[in-house]
Amino acid sequence: MIGFTEFRKTRVRFSDTGKGRAIVLLHGFPEAMDVWEEFSVKLSRHFRVIAIDLPGCGETPCIGYVHSMELMAECVKAVLDSLGLRRYVMVGHSMGGYVALAFTELFPDHLSGLCLFHSHPYADSPEKKVDREKAVVLVKKDPKHYVNEVITSLFAPDNLSLFKDDVRELKQIARRTTRQGIVNALEGMKERPKRDWLLKYAGYPVLLILGKMDRIVPNELLLQQTSGLKHIQTLMLEKAGHMGFIEEKKLTQDKLIRFARKCFSRSSKK
Ligand code: MLT
């Protein structure tokens, strides 16, 4: 079912499918919860799956002029509270992972497990901040062109023709994000702090899903800094860029199902 929760006088859209323990799916930039629609069918045979339109994305309007990761995390919490959910496995794709990390800092007791899906805990470098500022100018001039370019850059080059229908659909979803929604997310990502310590000291299992051909996530650094940490496991997708839930759908669905089962069996023993 599709539902709405009020957060800061704004109607936040979410979907709620399946039954049982809850998995929360947070989409990336400049996307919306619809990106999870196909992927979540299999998950919802085993779990209750909640996906949320983050502020300024899909059908959730903007809230002010900067969508900080903390503001988005509070919005996610409002939705989960409205559903009476106390514990869940949270899965954040890229920007959704930045939001999930802000969530774990603000509300650590609610996590049974965390999956960073093509995401990482570092802040923007000075060069990346400059790129964000340039992006704001481009979006203001021609949002459609900007969105097309961004979506194209997310896939491994060979996958653009292999998954051309998905690429087209993703562009359609992303084009529904308003100019202001894109700018607000860019501003929010630009100012986010690093949260690598959270991964190190997480009191729950963490899964990192990485794409070998990802141009956004610093895979090497992340692998180096998390190696040897027993609560962190990694799945490297050999044939994916930044969109593993499309580029390697079955593999990532199966991995997430196994991971969530492990997280829930561990948390029910506590
Ligand atoms: C995303 O896919 O959410 C973004 O590319 C993340 C980012 O720009 O840092």
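**Ground rules.** The model is predicted, so I took local features only at pLDDT of at least 70 and side-chain atom pairs only at pLDDT 80 or more, while totals for chains, interfaces and linings use all residues. Residues are numbered from 1 along each chain as its sequence is written, and side-chain values use heavy atoms, without hydrogens and water.

**Fold.** I looked up the secondary structure and found 12 helices and 8 strands. These are DSSP runs numbered from the N terminus: helices are H or I with at least four residues, strands are E with at least two. The radius of gyration is 17 Å against 18 Å from the globule rule for 270 residues, so the protein is as compact as a globular protein of that length. That radius is taken over C-alpha atoms, and the rule is 2.2 Å times the number of residues to the power 0.38. The C-alpha trace spans about 55 × 40 × 35 Å along its principal axes.

**Ligand.** I listed the surrounding residues (a heavy atom within 4 Å). They are Gly28, Phe29, Ser94, Met95, Tyr98, Arg132, Met189, Ile216 and His242.

A polar side-chain atom of Tyr98 sits at 2.6 Å. A polar backbone atom of Met95 is at 2.8 Å. A side-chain N or O atom of His242 is at 3.0 Å. The protein buries 96% of the 270 Å² that the ligand exposes when taken alone; areas are Shrake-Rupley with a 1.4 Å probe.

**Backbone.** I then turned to the loops. Most residues other than glycine have a negative phi, and most peptide bonds are trans. Phe29 and Pro30 are joined by a cis peptide bond, with omega about -5°. Pro30 is in the loop between strand E3 (22–26) and helix H1 (37–43). Ser94 is not a glycine, yet its phi is positive, about 55°. I placed Ser94 in the loop between strand E5 (88–93) and helix H3 (95–106).

Notes:
Polar contact = N/O pair within 3.5 Å; in protein donor to acceptor, adjacent residues only side chain to side chain.
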